[in-house]
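User: I'd like to learn how to read some features of a fold, starting with the sheet. Could you walk me through it?

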Amino acid sequence: MSSHRESPEISKDPVADSTDVYAFVSPDRPDTVTLIANYLPFQVPSGGPNFFEFGDDVLYEIHIDNNGDGHPDITYQFRFQTEITNENTFLYNTGPIDALDSENWNRRQFYSVTRVDAGGRSHVLARKVPCPPCNIGPLSTPEYAALARSATFQLKSGERIFAGQRAEGFFVDLGAIFDLGNLRPFQQLHVVGKDIFNAADEPVNATDRVNVSSIALQIPISSVVGGSKYRADDHRSVIGVWTSAGRQQVRVLGAAKSADVNVGPIAQVSRLGNPLFNEVIVPMAQKDLWNSLPPAEDKRFVGLVEKPELAQLLPVLYPDVFPNLAELNESGKPRADLVAILLTGIPAGLIDGFQNNTGDVQADMLRLNTAIPPSRRPSRFGLLGGDLAGFPNGRRVTDDVVTISLRAIAGLTFPLIDKNFTPDDAAGAVTHGLSAADVTAPFLKHFPYLGVPYDGFNNPS
């Protein structure tokens, strides 16, 4: 699930790989929205001496659509620049790094932030903003949490920004899911597993104790919805969010001491909106194509959403567990519920007090109703748990998007558009078995919300 190594070509280019995107009304600053874009998956904390960093030759972007056409009305662009301060050592640092300008830190990274409007006009908001170092260990990066906090900056234009390493917050049992969909809590019911397993087993969080590279933005809501405050039932309160990464089309490899040269226009090589779309919905042969397209072109994939492969597989993988889903599959009825969740947003009238619809344009975006306040008691199941502020209304860092997606695909949301359909009991119980409690690094209650990255010295990997 999510978007770690989700397509053949981007798996070869991890520095440009969009892994997760989050969009939510900030719980501690409810007049703002927080947008987080993660890249470069599965970072082993001890991976030196060349620790992980953003690509100087990659254009990272966070896009916001506030009129429902699947095109960005606001784009934040991030470009990075790496500097070596000591050319005579192989070390990342030659002593403790106790400040962002420490002379002991040999490989520093900076970035610029540019805001682009729908007409293509751009405004540079900040230049040469420092990233924090990677979390090396107690000798190299003492007091790391405080050091990373010093890399959070408030811009004069109103945004709060951070770019640097964070603990991976996405939780999923990848080993089980990609072993023929063998969910450990139900492995004894699997068509193959019933001959191997006698009982359920505890899930394994495959993404625990690794880090990611995060770009985080906190923006006044008034800046993303046109300057006015709208009610929750007004479609103008809804924004669509996705991220992308692009490279220049031509790269000329340098010879001997010459540096590589990148020329030509930017080509998009990665994007991400909803956390399961390219991973689970799009077939292998089209994944690279999907990564190259804007959300406005997603109408070409609507048939895959209306008849998702995973919905066809569940009754096969778990015989007699999903009889109603099997009957729904055989009926040929299109999954209009999934089209609403993933491609248009949920219209008013289906869920009391809720809508995040952006119109008729079918586009994969995280849709966030900015007028719905943060929950006092969040449910990890989001909308399925009666929590209007959770996924698929945007996505918070603790939302269990894997279980929510599994249950929706299993038919739990189909009664929204067909009240005569009765979901299987299993549709409301299917899960990978993990929650935010299975993430070792605690989530923060403040910006940038993802936990302090794991350090290389104390990490068992």
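Analyst: Two strands pair if DSSP finds at least two bridges between them. Strands here are DSSP runs of E with at least two residues, helices are runs of H or I with at least four, and both are numbered from the N terminus. Keep in mind that this is a predicted model: local features need pLDDT of at least 70, side-chain atom pairs count only at pLDDT 80 or more, and totals for chains, interfaces and linings use all residues. Residues are numbered from 1 along each chain as its sequence is written, and side-chain values use heavy atoms, with hydrogens and water left out.

User: Which residue stands opposite I36 in β9?

Analyst: Strands of a sheet pair through backbone hydrogen bonds, either parallel or antiparallel. Here, I36 faces A216 in β9. Nine bridges join β2 (residues 32–43) to β9 (residues 211–220), in the antiparallel sense.

User: In what order do the strands of the open sheet run?

Analyst: The order is β1-β2-β9-β8-β7, five strands with antiparallel pairing. At the edges sit β1 (18–25) and β7 (153–154), each pairing on one side only.

User: Now helix packing. At what angle do the axes of α7 and α10 cross?

Analyst: Axes are lines fitted to C-alpha atoms, for helices over the stretch in contact, and angles run from 0 to 180 degrees between N-to-C directions. For α7 (residues 309–317) and α10 (residues 401–412), the axes cross at roughly 75° and come within 9 Å. The two helices are therefore roughly perpendicular (angles under 35 degrees count as roughly parallel, over 145 as roughly antiparallel, 65 to 115 as roughly perpendicular, the rest as oblique).

User: Which residues of α7 and α10 meet?

Analyst: Contact means heavy atoms within 4.5 Å. On the α7 side you have L310, A311 and L314, which meet L406, I409 and A410 of α10.

User: And aromatic pairs: how many does a search of the whole structure find?

Analyst: Rings of Phe, Tyr and Trp (its six-membered ring) pair if their centres lie within 6.5 Å; planes under 30 degrees apart are stacked, over 60 edge-to-face, the rest tilted. The search turns up 12 pairs. F24 and Y449 have ring centres 5.2 Å apart and planes at 80°, so that pair is edge-to-face. F24 is in strand β1 and Y449 in the segment after α10, 425 residues apart.

User: Are F24 and Y449 buried or exposed?

Analyst: Buried, both of them (under 20% relative accessible area; exposed is over 50%, partly exposed in between, with a 1.4 Å probe and protein chains only).
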